[in-house]
Amino acid sequence: MTKRDTIRIGSGAGTSDDRMVPALELAARGGIDYLVFECLAERTVARENQSRVKDPEKGYTPSLHERLRMVLPTCMKKGIRIVSNMGAANPIGGARAARQEARDLGLGDMPVAVVLGDDVTEIVRGMPHLKLMENGEPLESLIPKLASANAYLGADVVSAALDKGTPMVMTGRVADPSLFLAPMIHEFGWSYDDYAKLAQGTAAGHLLECTASVTGGCFGWPGVKEVQDLARNGYPFADAKADGAIAIGKTPGSGGRLDVMTCTEQLIYEMHDPKAYITPDCVLDITELEFTQEAPDRVRVERARARPRTDTYKVTVGYAEGYIGEGEISYGGIDAVARARWAAEIVQERLRLRGFTYEDFRVDLIGMTSLHGDDSRRPEPYEVRLRLAGRARERKAAHAIGFETRAMHMHGPGGSGGACEPRVKDVLAVKSVLLPRHLVKTEIVVEGGR
Amino acid sequence: MNVRVFDLAHSRTGDKGNTSNISVICYQEKDWEFLKRELTEERVAEAFRLIAKGPVKRHEIRNLKAFNFVIENALGGGVTISLAQDIHGKSLCNVMLAIELPNYA
């Protein structure tokens, strides 16, 4: 395969629920060489691990089927290679599902390179002394309720999977920016000593990992920050050159907006110390970084810097943490807020009388206090929606919150309306530990082909 | 005169675990020094007192005419166990934008 000097990497998903059509538009009209689908939130792998326990074929991102049905014909026709973490808790299962979609679409036997090794559940199970990053306590107490433990792998192993030459690379947990850096390392042979290039590629990946959040989504404000045609918002791509030059663009003819302002918001998003954004590939420093508007909807990225990667992988540990129950009911008109507050007291008293206890409990007056706290200086709204939520060990206790809230129709203050059905969801919580790199054994397996 | 952060800057909120990070990005270069002087960690902690226990740490990103405020213990224990409706705290940038600052010339 001849090496190129420039590649274009598109961003096709920033979450498993992201819009799908803009990815097809990017593949069809964006002139991209690679299409990356980033579909894993912090706890998604823990959730998918439970699916795999129920059915060993499952455990990959459920939206994989619909997503690939939409883009595979175009990607295969144009030779666009796909990189995705939709393998979630079962990358082999994800690869097999992708291959089946290709067969069903009449695209033949599509080999898929699979990245394995992020699942470190059995390794951390034997390391109860590992310290939780959140509170410094030992992992030990979580081990009995452990649902999953996955290391954020880096671009090195994804790049090695791309070296296999398959149309698709399927992974489980990989750091989001690393999915985008991997094609650059694969194409240009960047070394892990070349911090300037790793920095540029990592910054590009971070800008792309939330798709439309860099192209005008999560940004607009009427009269202040105008964005055109948000209903047809386009997804972004990065043009990466072998020397580390990066420019960000978006699907030609799409809606949205891509400029220095949108790029700056997305660059700082989910970052703590701007001198030390830690990925498995490097420690990125954006304090000297510069954005330049090169052309409409095209921004150049320069002077990202980095220090060497750390000798640990961050591992997300998922564990069962009881149930969250919720109930809601509305109050409007004269004394709406006073009646809602009274109902909240009655429901809580009722839950006490029934003997339920909660590890955490919350009362919201939606329209007044639910987003930014209960500030008595705020004016009272015409109507409020009362919401009560609590976390409990017992499912029954969680369910009782919605039950007793709904009962306010019959047993509460006058003039309520529109209670919802009691809601209960099981809680998969996550915490993090650092695991020495040498304990994580990665492996690449090719499904299909010769 | 008094001025709101909203008048000088734009903002976005991110989340990691139980920590919220909120950017403050000046529309105009000239306002960065003013915000550096007036939009202190103490003022931000006060504005977020009903929401976050803190502490609040401010990072300067002069080159991007921006700041990054990192607010700990801000998300009801974190996205996976929070009882809030806005579990990611994505709306919290609005609290930052509403902060009023004195002495704007």
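Reply: The domain bounds used here come from an automatic or database domain assignment. On that basis, chain A is divided into domain 1 (6-118 + 153-310) and domain 2 (317-432), and the centres of the two domains, taken over C-alpha atoms, are separated by 39 Å. The model is predicted: local features need pLDDT of at least 70 and side-chain atom pairs count only at pLDDT 80 or more, whereas totals for chains, interfaces and linings use all residues. Residues are numbered from 1 along each chain as its sequence is written, and chains are lettered from A and ligands numbered from 1 in the order in which they are written.

Helices (H or I, at least four residues) and strands (E, at least two) are DSSP runs, numbered from the N terminus. A residue is called buried if 20 or more other C-beta atoms lie within 10 Å of its own, exposed if 12 or fewer, and partly exposed in between, with C-beta atoms placed from the backbone. By this criterion S14(A) is mostly covered, since 16 of its 21 residues are buried.

Next come the partners of the strand. Two strands pair if DSSP finds at least two bridges between them. S14(A) runs antiparallel to S18(A), to which 13 bridges join it; here Val315(A) has Val433(A) as its bridge partner. With S16(A) the pairing is again antiparallel, over 10 bridges, and Ile324(A) stands opposite Arg391(A). Strand S5 (residues 146-151) of chain A pairs with S14(A) in the antiparallel sense over 5 bridges, with Ser148(A) opposite Gly318(A). Finally, 2 bridges join S14(A) to strand S17 (residues 416-417) of chain A, also antiparallel, and Ser330(A) faces Gly417(A) there.

Two residues are in contact if their C-beta atoms, placed from the backbone, lie within 7 Å, and 38 residues of chain A are in contact with 29 residues of chain B.

The wider setting is given by the cores. A nonpolar core is a set of buried Ala, Val, Leu, Ile, Met, Phe, Trp, Tyr and Cys residues joined through C-beta atoms within 7 Å. The largest has 135 residues, and those with the most contacts inside it include Leu35(A), Ala204(A) and Val24(B). Domain 1 and domain 2 of chain A both give residues to this core, so it lies between them. A second, separate core of 26 residues includes Ala340(A), Ala389(A), Ala400(A) and Met408(A).

On the chain B side, Arg12(B) is found in the loop between strand S2 (9-10) and strand S3 (13-16). Arg12(B) is buried, with 24 other C-beta atoms within 10 Å. Not counting residues up to four places away in sequence, Arg12(B) touches Cys218(A), Glu265(A), Tyr269(A), Ser23(B) and Cys93(B).
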